[in-house]
Amino acid sequence: MLSLAVCSYNRCESLRETLQSLAKLRWDAREALEIVVVDNNSADRTRDVVEAFRRTMAWPVHYVKEPRQGIASARNRALDTARGTYVAFIDDDALADPEWATAIWRCAEDTQADLIGGTVRPLWLTERPRWLSDDLLGPIMALDYGPHRKRCANGETFLTTNCTLRRASLERHGAFETSLGRRGQRWIGGEDVELCRRWLRRGAHVVYEPAAIVQHKVEATRVTPAFYRRWFEDIGYTQAHQLDWKWHHRLSVLPAWRWKQLARAGANYARARVAPSSDEARFQAELWWLFQRSFMRERLDHWRSKVPCRFANVR
């Protein structure tokens, strides 16, 4: 059996579109299919939306609640609830290609992989702002490792909006780290990167399947200056929180190359504020300064052994 898992928090209308895309899947495998929806304390009509699909969907639909706030806890609840040999995750703001599930199952049968990642393409529902340069596309959520299936090595990670885990491998490699991941409306993350790196480090068979495609919505709210400021700040906390501790950090706080990036970002931001430059250039400089400043603040918390650190305080 293949289990398709969707974790949702207060996005019932977007969830409806995700479930509609799952209803259109072309599935002719001999194995059974099921859908698991995890409600992470939504205050909207999430349950009603799921119940409506349960009555019309061609496959069983299971609705469960996860009271512990956080996407990592919600994903782990999906893993506990699912009955499939594999559990394929898709976000509540993504749409599955009609061949998505079939491509995952075909890859699983061919490779017996522990972890399978697929292609994530942006679905633009608004115009791309002029200030959104290619090096600022992190929040857009896209992933493409090329047109061919391949085995992945260290450094290659997946987005959990299109990520499939073999349930039997969880005992050896572990589930999602609940101290990481998005909580509520803040954009701290890292649970997907941490899981991929841990599984690779422990010898998991990790495969990229380009034919397993989902589209991730890019809505107008996701490309506003306010959203970008918060995202860059929160991801700065996230990456600093995950930085491997080295003995020399007792003296340096940060790796030397990080000090250089911090100084460069600060200088660029100061220059953009005082020198003649476009609004786009000033905003781009501000974003990288926010990221580097958050990174530094989080590492200072770790250096001072401050509990809780800024990352843990984000809600």
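Reply: Gln 261 has its place in helix α9, where helices are DSSP runs of H or I with at least four residues, strands are runs of E with at least two, and both are numbered from the N terminus. The model is a predicted one, in which local features need pLDDT of at least 70 and side-chain atom pairs count only at pLDDT 80 or more, while totals for chains, interfaces and linings use all residues. Residues are numbered from 1 along each chain as its sequence is written, and side-chain values use heavy atoms, with hydrogens and water left out.

With a relative accessible area of 27%, Gln 261 is partly exposed; buried means under 20%, exposed over 50% and partly exposed in between, computed with a 1.4 Å probe on protein chains only. Its C-alpha atom is separated by 9.4 Å from that of Trp 289, a residue 28 places away along the chain. Both Gln 261 and Trp 289 belong to the contact of α9 with α10, contact meaning heavy atoms within 4.5 Å.

On the α9 side, this contact also includes Arg 258, Trp 259, Leu 262 and Tyr 269, and on the α10 side it includes Trp 288, Phe 291, Phe 295 and Met 296. By residue type the contact divides into 12 nonpolar, four polar and five charged, where Ala, Val, Leu, Ile, Met, Phe, Trp, Tyr, Cys and Pro count as nonpolar, Asp, Glu, Lys and Arg as charged, and the others, Gly among them, as polar. The axes of α9 (residues 256-274) and α10 come within 8 Å and cross at roughly 145°; these axes are lines fitted to C-alpha atoms, for helices over the stretch in contact, and the angles run from 0 to 180 degrees between N-to-C directions. The crossing of α9 and α10 is left-handed, a term for a near helix turned anticlockwise from the far one by less than a right angle, with right-handed used if the turn is clockwise.

Helix α10 itself can be checked for its length. Its 25 residues, 279-303, should span 36 Å at 1.5 Å a residue, and the end C-alpha atoms are 36 Å apart, so the two values agree; the expected span is 1.5 Å times one less than the number of residues. After α10 comes Ser 305, whose phi is positive, near 55°. A further partner of α10 is helix α7 (residues 225-241), whose axis comes within 7 Å of that of α10, at a crossing of roughly 30°. That crossing is right-handed, and the residues of the contact of α7 with α10 divide into 12 nonpolar, five polar and seven charged.

From α1, Cys 12, Leu 15, Arg 16, Leu 19 and Gln 20 meet Thr 46, Val 49, Val 50 and Phe 53 of α2, a set made up of six nonpolar residues, two polar and one charged.

The buried residues of α2 are Thr 46, Val 49, Val 50, Glu 51 and Phe 53, and they pack against β1 (2-8), α1, β2 and β3. In strand β3 (residues 61-65) lies Tyr 63, which is buried at a relative accessible area of 12%. Not counting residues up to four places away in sequence, Tyr 63 touches Val 37, Asp 39, Thr 46, Arg 47, Val 50 and Arg 54.

The loop between β2 (33-39) and α2 (46-56) holds Arg 45, partly exposed with a relative accessible area of 44%. Leaving aside neighbours within four places in sequence, Arg 45 contacts Cys 12, Glu 13 and Arg 16, and its C-alpha atom is separated by 8.6 Å from that of Arg 11, 34 residues apart along the chain. Asn 41 is also placed in the loop between β2 and α2; it is partly exposed, with a relative accessible area of 29%, and has a positive phi near 70° although it is a residue other than glycine.
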